[in-house]
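A short report on selected features comes after it.

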Amino acid sequence: MSCHEVSFNKEALRSENQILLMGAPNVGKSVFFSCLTNIHVISSNYTGTTVSYMEGTLPLNGTAYTLIDVPGTYSLTATSEAEDVAIRFLSGNPEAILFVLNAADLEGSIKLALEVLDYNIPMVAALNLSDVAQRQGKEINVKLLEQELGIPIVPTIAVKKQGLNELKEKLEEVLSRKNRSKTGPFRISYSDCASCAGCSGCPKGTSALTYWERAKKIAAVSVKKTDAAPSKLDRFGDALLRPWPGILLSILIVLISLGVVVGAGKAMRSVLLLPLVNQGIVPLFERLFSSIAMPEMLNNVLIGQYGIFRISFEWILALVMPYVILFQLVFSFLEDSGILPRMAVLFDNIMSKLGVQGGSLIHIMLGFGCAVPAIIGTRTATTRKERLIVTSIICFAVPCISQTGALISLLADYSYWMLLAVFLTGAMVFVLISRLTGKMLKGKVDPLVIEIPNLLIPERKTYFKKFFVRVKEFLVDAEGPMLIAVVIAALLAETGVLAGISSFLKPLVSGWLGLPAEASMSLILGIIRREMSVAPLLTMELTGLQMYVGAVVSFVYVPCLSVFGILAKEFNLKVALSIAAGTVFLALFLGGVLNHIGIFLQILF
Amino acid sequence: MSDNLYHVEKGKEYIVVDTPDLKLLSSMGVFEGVKIRKENIYKFGGPVSVSLATRKIAIGKEVAEKILVKEAV
């Protein structure tokens, strides 16, 4: 019997035979989940990668159990959404808990483990990150720890799949023991309510403090400090956290990352992909279609200037793919290493001047990949105001990597200064939007409180798996909309519909923005995918000013259909519509103003 | 003698005397009586970083100013 009030919750009780995977944030739960269920969950080296829960099947003793990846929490006091979710699952009568202890942060892990143990659910613990603990000169006496906590404990290094089989065996043991004697206590050292702390009905009424005291004692007896010198990696991690040389190192890391993505992306495009598309694939289709008799219009739709079989390869394969691949390679490394939370700390002062806190920097950087996961990630924000500000910044001022790739192709071929000018304009929009939304929205933004993880060298297998999953996700999620955009582009351009729309929009596109009338294509395609608003500009002969104005308009313009969908889902339709309308207005307004300033300057000089 | 965490000298160990009412702090391990080491301070309104027994955390200026500490002896 548990002395905790159990609130019945239908959703949490949905599936039977549940095993909960629990632990503090960033201890590797998602890695366990991926390895045990073969469902890949994105894991990173910062807190809060799993903001909602995931479930997968885990066969044990011939029964199919549902393993649930519960979001990581520091305690079970229901102070955040993640903690609410964790408590709901604990109250849903699960069969067992697989608890992940962080060997490098034993005291904190034990404290949470003690809280979970009070729910009296059979538990097995993995002592993960034992390599990091060793690196830091901590020797953990597992036998003693098992005795103190009264549960089986298996040392593991999840990213290397070490200890996983033993962990499964222990889980099977605990489950079969439980089935034999449903009523008997499974724990050795405590009986049911003796250790319970703080349900409202409970006379004992202990607080968080006693958990910490007990955790401290247990950690003290089971950890022996060896006098290993701090490893190079830990010293580098500390240096990266100090203002000097941390800020310089961070800037260098960002510049190197950018250099790799932009430089290698351009090289891949010009050396490999453009020749492949222009001299290989497209001529092949040209020959193929010319050998088949068909009406001219159909032929144009298929392989004309905007033909489906021409631009789908030119735009998707040669324009977008190289940058997406390289970005994911670089960003996955930054995520897994633990560099990002250090940047969040180093640049918290700048971010708080902009009305948010340093932790938002992680979401914003995620947004440079794709806005969708970035907006989902903002669930970890503690207030709605913060969430809305960061989301607005991502929608207005953070181009996704597909769009960045297209912008690089458009602008860097003209001049790197042009690229810089567009991104500086983007930075101004960033400041404007954060200030504006900060002023407009009611409520407050909580200051930064963040755990700084140990620096890790990403494990090769986990790293590449994540990379492939991300690229695959991109192919699955983005390919469809991109193809739809390509088909629409082909139909509009090659059937003459575009000419009609262009003449209708001419006052706006040519008169106000100073762009060629066909640029109306950008405004139409940009609604579907961000990079598709840039791509048509590549085929036009543009002056420097037109290029700058066109790039700025696409930069700010509608954040694509998928983002609109996620905004409506995560917030509501009103938020989605306001942000979409806001971006359209700002893009056209800013573009027109910049165009007229440009013309004015040209007259002056 | 107690002073707030934001203003005390870095590189020294302190005992926490009082904390603001923020659940996240205590669940991360910052509460009355705990020994912490102030590691870094970040200028221009940045946070402070501190080491607890086994973890490192960063605390924003506004919160750090409300955490009272005294020097550990």
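Leu340(A), Met343(A) and Ala344(A) supply the H12(A) side of a helix contact. Facing them in H14(A) are Leu361(A), Ile362(A) and Met365(A). The residues of this contact are six nonpolar, no polar and no charged. Keep in mind that this is a predicted model.

Two packed helices are described by the angle between their axes and the distance between the axes. Here the helices are H12, residues 339-346 of chain A, and H14, residues 360-367 of chain A. They pack at an angle of about 125°, and their axes are 8 Å apart. H12(A) and H14(A) are therefore oblique to each other. Their crossing is right-handed.

## H14 and its contact with H16

H14(A) also packs with helix H16, residues 384-397 of chain A. The angle is about 30°, with the axes 10 Å apart. Angles under 35 degrees count as roughly parallel, so H14(A) is roughly parallel to H16(A). The crossing of H14(A) and H16(A) is right-handed.

Which residues of H14(A) meet H16(A)? They are Ser360(A), His363(A), Ile364(A) and Gly367(A). From H16(A) come Glu386(A), Val390(A), Ile393(A) and Ile394(A). By class, the contact of H14(A) with H16(A) has four nonpolar residues, three polar and one charged.

## H17 against H18

Next comes another pair in chain A: helix H17, residues 401-412, and helix H18, residues 416-440. Their axes come within 7 Å and cross at roughly 135°. That angle makes H17(A) oblique to H18(A).

On the H17(A) side, the contact uses Leu407(A), Ile408(A), Leu411(A) and Ala412(A). On the H18(A) side, it uses Tyr416(A), Met418(A), Leu419(A) and Val422(A). The contact of H17(A) with H18(A) holds eight nonpolar residues, no polar and no charged.

Helix H19 spans residues 460-495 of chain A, which is 36 residues. From its first C-alpha to its last, H19(A) reaches 50 Å. That is close to the 52 Å expected at 1.5 Å a residue.

Where does H19(A) bend? The bend is at Ala478(A), and its angle is about 40°. A proline, Pro481(A), follows within four residues. Just after H19(A) comes Gly496(A), with a positive phi of about 90°.

## Two backbone details in chain A

Is the peptide bond from Trp244(A) to Pro245(A) cis or trans? This bond is cis, with omega near 5°. Pro245(A) sits in helix H9, residues 243-290 of chain A.

Lys161(A) has a phi near 60°. This is a positive value in a residue other than glycine. Lys161(A) lies in the loop between strand E7 (153-155) and helix H6 (164-180) of chain A.

## Where chain B touches chain A

The contact between the chains takes 28 residues from chain A and 27 residues from chain B. Three elements of chain B give two or more residues to its side: helix H1 (23-28), strand E5 (56-59) and helix H2 (61-64). H1(B) gives the largest share of that side, six residues.

How do the residues on the chain B side divide by class? There are 12 nonpolar, nine polar and six charged residues on the side of chain B that touches chain A.

Methods: Residues numbered from 1 in each chain as written. Chains lettered and ligands numbered in written order. Predicted model: local features only at pLDDT ≥ 70, side-chain atom pairs only at ≥ 80, totals over all residues. Axes fitted to C-alpha atoms, helices over the stretch in contact; angles between N-to-C directions. Parallel < 35°, antiparallel > 145°, perpendicular 65-115°, else oblique. Left-handed = near helix turned anticlockwise from the far one by under 90°. Contact = placed C-beta atoms within 7 Å. Nonpolar A, V, L, I, M, F, W, Y, C, P; charged D, E, K, R; others polar. Expected span 1.5 Å × (residues − 1). Bend = angle between axes of the 7 residues up to and from the residue.
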